[in-house]
Amino acid sequence: MIVVKRKNASVPNINPNRKDTLQSYLMLAPMLIGFALFTIYPMMWLIRWSWFDYNGISSAKFIGFENYVRAFTRDTQYWDSLWNTGFIVVMKFVIEIPLALFLAIVLNSKKKINSFFRTIFFSPTIVSTAIIGIVFYLMFEPFLGAVNQLLKSFNVIDTSINWFGNKWLADIVIVIASVWKGFGVNMIFFLMGLQNIPQDIYECADIDGVTRWQRFTRITLPMLSSTGKVIMMLFIVNSIKMSDLVLVLTNGQPGGTTEVVMSYTFKYFFSYGAADSISQYGYSSALAVITAIILSIVVGLYLWVTRKVGDHY
């Protein structure tokens, strides 16, 4: 007994909870280091340069709030691009989210044919945005585009429509292309939510004789509310950040009226389009900071409004 006591005394007494905590921090460390290097540091860099007049060649000159004053008082195009971004986001939301939910409900079964259609509908998500932009540009091309030819063949129009010669028509093309690219991934998210709903609830509802509409409104929608909340938040963030599709499809034309806020900021940063021939790192940084604040306010309001969504189940 004396020997056993000595062996136990030599073993260090490590608290299991402390060991688990240490392991958790070690596992999180790589991600936290990457987050600090590639997210926090660029954000600090961006905020710093928003106080300077800097073109990347000459010496940076500290100008205080001048970039922000310019954005709020003299740059009406920035606010026009922000309003256009809001219009595109609303139009996308009205079409994309209901379409993704409808397809998820239709394809929510274990039939092999459904797996085929899920793959087909998800495939646009993995296609390059540049390719999607080129394809939709060719489809809506004013003279030889497939859309105009199709409308003519059905006698819907007599003359070709210049889809990119009018702001609203060009915005419609952007919305269609963006919905085509994005609805597949939202459909998959909704499918995941649907497959987590216990089937016992539906069986009990069938015994009680509820209709299909009642099943959808009283069971499916409430049980999907938590998933839908996350889907819509990601939708808002990704839609407001959209820039690549607009650059490829319209490049802000006609006359910069289809510009979105991120493409507008991008052009000042890389001396492209509206930014003359010299990069304006300081001003584009100020625009990015303003956009980030607006995006944070929108997401914050959304989370506050939907704070009780999903708490009933």
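What are the helix and strand percentages over residues 281-305, and how far apart are the end C-alpha atoms? I looked: the span is 100% helix and 0% strand, with 36 Å between the end C-alpha atoms. Helices here are DSSP runs of H or I with at least four residues, strands are runs of E with at least two, and both are numbered from the N terminus.

**Ground rules.** I am working with a predicted model, where local features need pLDDT of at least 70 and side-chain atom pairs count only at pLDDT 80 or more, while totals for chains, interfaces and linings use all residues. Residues are numbered from 1 along each chain as its sequence is written, and side-chain values use heavy atoms, with hydrogens and water left out.

**Entry 1: the annotated spans.** I checked UniProt, where an unreviewed entry lists "transmembrane region" for residues 25-47, 82-107, 119-140, 168-192, 221-240 and 281-305. UniProt positions follow the numbering used here, feature names are shortened, and annotations may be inferred rather than shown by experiment. I also looked at residues 168-192, which are 100% helix and 0% strand, with end C-alpha atoms 35 Å apart.

**Entry 2: aromatic pairs.** I found 25 aromatic pairs in the structure. Rings of Phe, Tyr and Trp (its six-membered ring) pair if their centres lie within 6.5 Å; planes under 30 degrees apart are stacked, over 60 edge-to-face, and the rest tilted. F72 and W79 make a tilted pair, because their ring centres are 5.3 Å apart and their planes stand at 45°. For accessibility I use relative accessible area: buried is under 20%, exposed over 50%, partly exposed in between (1.4 Å probe, protein chains only). F72 is exposed at 51%, and W79 is partly exposed at 24%.

Next I turned to Y268 and Y283, an edge-to-face pair with 5.2 Å between centres and 80° between planes. The pair links distant parts of the chain, 15 residues apart: Y268 is in helix α13 (residues 261-269) and Y283 in helix α14 (residues 281-305). Y268 is buried at 6%, and Y283 is buried at 2%. I noted that the charged end of R70 sits over the ring of Y283, 3.7 Å from its centre. That label requires NZ of Lys or CZ of Arg within 6 Å of the ring centre and within 35 degrees of the ring normal.

**Entry 3: around α13.** I listed the buried residues of α13: V261, S263, Y264, T265, K267 and Y268. Their cover includes α3 (66-73), α4, α11, α12 (244-249) and α14. Contact means heavy atoms within 4.5 Å. Just after α13, S271 has a positive phi of about 45°.

**Entry 4: the nonpolar cores.** Which residues touch the most other members of the largest nonpolar core? I get A104, M187, F190 and L224, in a core of 24 residues. Such a core is a set of buried Ala, Val, Leu, Ile, Met, Phe, Trp, Tyr and Cys residues joined through side-chain atoms within 4.5 Å. Helix α4 gives the most to this core, with six residues. Leaving aside neighbours within four places in sequence, M187 contacts A100, L103, A104, L107, R118 and F121. A second, separate core has 18 residues, including F136, V147, F164 and V260.

**Entry 5: N186.** Is N186 buried or exposed? I find N186 buried, at 6%, and placed in helix α8. Not counting residues up to four places away in sequence, N186 touches E96, I97, A100, I231 and F235. The N186 side chain also reaches the backbone oxygen of G182 at 3.5 Å.

Terms used
Polar contact = N/O pair within 3.5 Å; in protein donor to acceptor, adjacent residues only side chain to side chain.
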